[in-house]
Amino acid sequence: MTHAIRIHATGGPEQLVWEGIDVGDPGPGQVRLRQTACGLNYIDVYQRSGPYPAGDLPAVLGMEAAGVVDAVGEGVSRFAVGDRVAYPMCQGAYAEARLIDAEKLVELPPTLSERQAAAIMLKGLTAHYLLFRTYKVEAGDTILVYAAAGGVGSLLCQWAKHLGAQVIGCVGSDEKAELARLNGCDHTILYNSESIPERVRDITDGEGVAVAYDSIGQATFNDSLDSLRPFGVLASYGNASGPVEPFSPAILAPKGSLYVTRPTLATHIATRDLLEDGVGTLFEAITDGLLQIQLNQTYALADAAEAHRDLEARRTTGSSVLLT
């Protein structure tokens, strides 16, 4: 029997239950995917605990995975049985096998393992849209990256450095600061003990940064605004500390005519063209050695609760995957 991690109610990691499921045969436009590695992301925590809807319960969590096509439905010509594929942002990943629309999948190059793909798809495509679409980073820009030793943050720092940016990374410990520097950060800030805006102003000679990539949310929103240069952009793309509270747009004018945006990967892969553009750029960056995939933790899929506890306690660095 095929197994999956499901929740029957929202709450803590104890709600993650390993149980049997019936997958069935693929319908028109679908494939059945035998999954070998599933990505771990903070959106999984949001859905498990309740801030983000997980759909009808019981629900299978997880938003990205990689594996091998096991069967194809009517009308599927893009993939065949035996193809190695992966996908981002399609709930239901915490499973040994699943049905999925073929249009959501991308074929893996021979140089990329399924474990690496599960570690990179969602996080790598997030880094792509933040750097190339939300605010297009150019050589000479100074940028601020939160959670610079984490999954998305480590990729943002590496990629931005290759684009010619000066990178300031925010981290929670000296150990993570060292990892951030290895990822390309020119400067690091310990946000638990240092004033982020003051350190940013010191580093930039009072100017501020062009963009702040903020995955923390409520706890750092004002610090991010106060770290921007005039016309700077705050890209708030995560809620690790909770959602940003409502604010008046009027506060942006005296701080330098600032811009605030709340992007999401779902919009940036909503069409096949957008998905292929992002994946093509991401895979090329990996092949060319611009990005090193930092797969630092692996867990058995059945141990997803342990993985969630480690993620929420900030005991992880880089990417983590759940193995079937």
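Me: Helices (H or I, at least four residues) and strands (E, at least two) are DSSP runs, numbered from the N terminus. In which loop is the place of Gly238?

Reply: The model is predicted, so local features need pLDDT of at least 70 and side-chain atom pairs count only at pLDDT 80 or more, while totals for chains, interfaces and linings use all residues. Residues are numbered from 1 along each chain as its sequence is written, and side-chain values use heavy atoms, with hydrogens and water left out. Gly238 is found in the loop between S13 and S14.

Me: Is Gly238 buried or exposed?

Reply: The classes rest on relative accessible area: under 20% is buried, over 50% is exposed, and partly exposed lies in between (1.4 Å probe, protein chains only). Gly238 has a relative accessible area of 6%. Because that value is under 20%, Gly238 is classed as buried.

Me: Which residues does Gly238 touch, not counting residues up to four places away in sequence?

Reply: A contact means heavy atoms within 4.5 Å. When residues up to four places away in sequence are not counted, Gly238 touches Tyr46, Asp214, Ser215, Ile216, Gly217 and Arg262.

Me: How many bridges join S12 to S13, and how many join S13 to S14?

Reply: Two strands are said to pair if DSSP finds at least two bridges between them. S12 (residues 209–214) runs parallel to S13 (residues 228–236), with Val209 opposite Leu228. S13 also runs parallel to S14 (residues 259–261), where Thr261 stands opposite Ala235. The number of bridges is five between S12 and S13, and between S13 and S14 it is three.

Me: How many residues of S3 are buried?

Reply: S3 spans residues 30–39, which makes ten residues in the strand. The strand is described as mostly covered. The number of its residues that are buried is seven.

Me: Why is Pro26 classed as buried?

Reply: Pro26 lies in the loop between S2 and S3. Not counting residues up to four places away in sequence, it touches Val31, Arg32, Ala71, Val72, Gly73 and Leu99. Pro26 is classed as buried because its relative accessible area is 16%.

Me: What distance separates the C-alpha atoms of Pro26 and Gly73?

Reply: Gly73 is one of the residues that Pro26 touches. The two residues are 47 residues apart along the chain. Their C-alpha atoms are separated by 4.9 Å.

Me: Which residues of the largest nonpolar core touch the most other members?

Reply: A nonpolar core is a set of buried Ala, Val, Leu, Ile, Met, Phe, Trp, Tyr and Cys residues joined through side-chain atoms within 4.5 Å. The largest one has 55 residues, and H2 gives the largest share of this core, eleven residues. A second, separate core of 36 residues includes Cys90, Ala93, Tyr299 and Leu301. In the largest core, the residues that touch the most other members are Ile143, Leu156, Tyr213 and Phe283.

Me: With which residues is Leu156 in contact, leaving aside its neighbours within four places in sequence?

Reply: Leu156 belongs to the largest nonpolar core. One of its contacts, Tyr213, is likewise among the members of that core that touch the most others. Apart from neighbours within four places in sequence, the contacts of Leu156 are Ala127, Leu130, Leu131, Val145, Tyr213 and Tyr237.
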